[in-house]
Amino acid sequence: MALSKPFATTLAIHVKALAVSSLRHHHPRTHSSFVTFRFFSFATPEEAAAERRRRKRRLRIEPPLSSLHRNQQQQQAPRPIQNPNAPKLPEHVSVLTGKRLNLHNRILTLIRENDLEEAALFTRHSVYSNCKPTIFTVNAVLNAQLRQSKYSDLLMLHRFIIQSGIAPNIITHNLIFQTYLDCRKPDTALEHYKQFINDAPLNPSPTTYRILIKGLVDNHKLDKAMELKDEMAVKGLAADPSVYHYLMSGCVRNSDADGAIKLFEELKEKLGGALEDGVVYGCLMKGYFMKEMEKEAMECYEEAVGENSRMKMSAVAYNSVLDALCKNGKFDEALRLFDRMIKEHNPPRRLAVNLGTFNVMTDGYVAQERFEDAIEVFRKMGDYRCPPDTLSFNNLIDQLCKHGMLAEGEEIYGEMDGKGVKPDEYTYVLLMDACFEVDRIDDGAAYFRKMVDYGLSPNLKVYNRLVDKLVKVGKIDEAKSFYDLMVKKLKMDDEAYKFMVRTLSDSGRLDEVLKMVDVMLDDEEIDFNEELQEFVKDELRKEGREEELTKLMEEKERQKAEAKAKEAEAAEAAKRTTRAAVSSIIPSKLFGKREDETESAPAAENAVEAPSMEKEAKNGKEENVEEATIVGFEEPDKAESPAETEPKWS
């Protein structure tokens, strides 16, 4: 039932009065708040419009509480602006689940099967698949490549994963530092470390400093290593006995016994006078032995490995003490300590010996000229889960060859294949030099050739020793064959070229000298400079054939000029062909008059109609310019050569 207008008006007045009375008695009126009532109707349309205007004014003066609350939250917690150039944080180990974990295990299987090429290739391919590898998977491949000294493959894979957007973690950086230090590039390693400190969103770990300091000491950068030790203290890292062990060994290597003792006192002071790790005692003993303080050295020995010692002796700590005894006339004591280490060795719970232990004992036996014992202890490595590596084989071969036992050294070399160990460049150089010492020139050359056949890269000094030895015994043909083999594999210097030229000239083989120069002139990477030219001319002048070098060089210059002319002609022909093909597709009026169009009118007629032709040509040119501008081409300018009249494609 609809309400009549008078009744509705009266009802509205009573409701409004009731609301005002209720607010007056129960809710004190404040200026900052108001209550809005929704009425069912208004007396007049004007009253309803006035109410709407009041609401709008109040909303402009006092916005809703929800809006105020939202603005306050935005002011208190503004959204951070993400920098697209900021380095990415590495992934957490929790991402190694599901398909990515299966991929990780599959690549680990390839690594265990020693198929590193397939593991690296599989890692690369999976980057662009729907199962992207984690940085932990990449680190496993990088670590395996580092163990096998595949430095170039390691650096290429590292560069690839960085460009692919996989953020490296601290282990990745440590592997890169170790790689450059193993390659004898400490300056490059320090540059990467500075870049890591400045840009990486990570902090260096104690392992980072161990790797860097040990590598710098091994590369004769003791001062830089000392600076990094001080930097550790600045960054709040605790004093590390392993770091001090590396620094003390560097001081001993430099015959600085006082420096080693001073570092020991510094470490003891930083640790509150109580040492638990005995890794520094071997270097301390060497320092005392160096100062002829045998009593103090043996006191350190008792403190480290005595019956009442509380030191924690790892295999590295034992090896350091063992080496100090072997090199300072205490070999009998070293043997007793070695027997004790063997008894304590109980892998995986207790690792008292490692590969370095057997290398130290091998050197100790050789120093005592007990070569059979040295070979015997070397062959027992595998019994204690310490299979020998290439470095261990090289060490024993070197020791045997230095003592004139080449046959025994070759026998040890023959065992490498059975142990699954691959010889490196140093292995073959040792055997080559040992063969030269006993005038086995052919055998030494065979070792060099075998090294090249296996894909190894000897340096220029080794090559020079080889050819020099061959020439001295009159084997010029063999020397020349090795020159032909290595000239493209080695970056030879002027002295290497001069040596071969002189050798051939002294044997009257000037034709071969000219052939050799012919090959050098064809190779753009070889700089046949004026000094070499004069040297070759002096050798040819002995037989009055210096003019042949001049003719040869002129002929080579003529051939090079002809080759360049042919290349330019071929390029020009290609351009003309391209232009003809384009002209057949695009209307010729876009390019103006074609080159093959000639004027056939007589000269007199041309003279009479010259003004009108010039005007038409001008108008036509303006038309062509406008059309070319619309289509997107530029009209070629007038020029003499056809190449300059080519249209410029936008």
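**Exercise 1. Determine in which helix Lys 498 lies, and state whether Lys 498 is buried or exposed.**

*Solution.* Step 1: Lys 498 belongs to helix H26, residues 494-506. Helices here are DSSP runs of H or I with at least four residues, and strands are runs of E with at least two, numbered from the N terminus. The model is a predicted one, in which local features need pLDDT of at least 70 and side-chain atom pairs count only at pLDDT 80 or more, whereas totals for chains, interfaces and linings use all residues. Residues are numbered from 1 along each chain as its sequence is written, and side-chain values use heavy atoms, with hydrogens and water left out.

Step 1: The relative accessibility of Lys 498 is 9%, and therefore the residue counts as buried. The term buried means under 20% relative accessible area, exposed means over 50%, and partly exposed lies in between (1.4 Å probe, protein chains only).

Step 2: Leaving aside neighbours within four places in sequence, Lys 498 is in contact with Glu 531, Leu 532 and Phe 535, where contact means heavy atoms within 4.5 Å. With Glu 531, the contact of the side chains is polar, at 2.7 Å. A polar contact is a pair of N or O atoms within 3.5 Å; within protein, one must be able to donate a hydrogen and the other to accept it, and residues adjacent in sequence count only if both atoms are side-chain atoms.

**Exercise 2. State how many salt bridges the whole structure holds, and examine the pair Asp 187 and Lys 221.**

*Solution.* Step 1: A salt bridge is a side-chain nitrogen of Lys or Arg within 4 Å of a carboxyl oxygen of Asp or Glu. The search of the whole structure finds 39.

Step 1: In the salt bridge of Asp 187 with Lys 221, the closest N and O atoms are 3.7 Å apart. Asp 187 lies in H9 and Lys 221 in the loop between H10 and H11, so the pair ties together parts 34 residues apart in sequence. Asp 187 is partly exposed at 45%, as is Lys 221 at 29%.

**Exercise 3. Locate the salt-bridge partners Glu 344 and Arg 340.**

*Solution.* Step 1: Their closest N and O atoms are 3.1 Å apart.

Step 1: Both residues lie in helix H17 (331-344); because they are four residues apart, about one helical turn separates them. In general, an α-helix has 3.6 residues a turn, so residues three or four places apart point the same way.

Step 2: Glu 344 is partly exposed, at 25%, and Arg 340 is partly exposed, at 31%.
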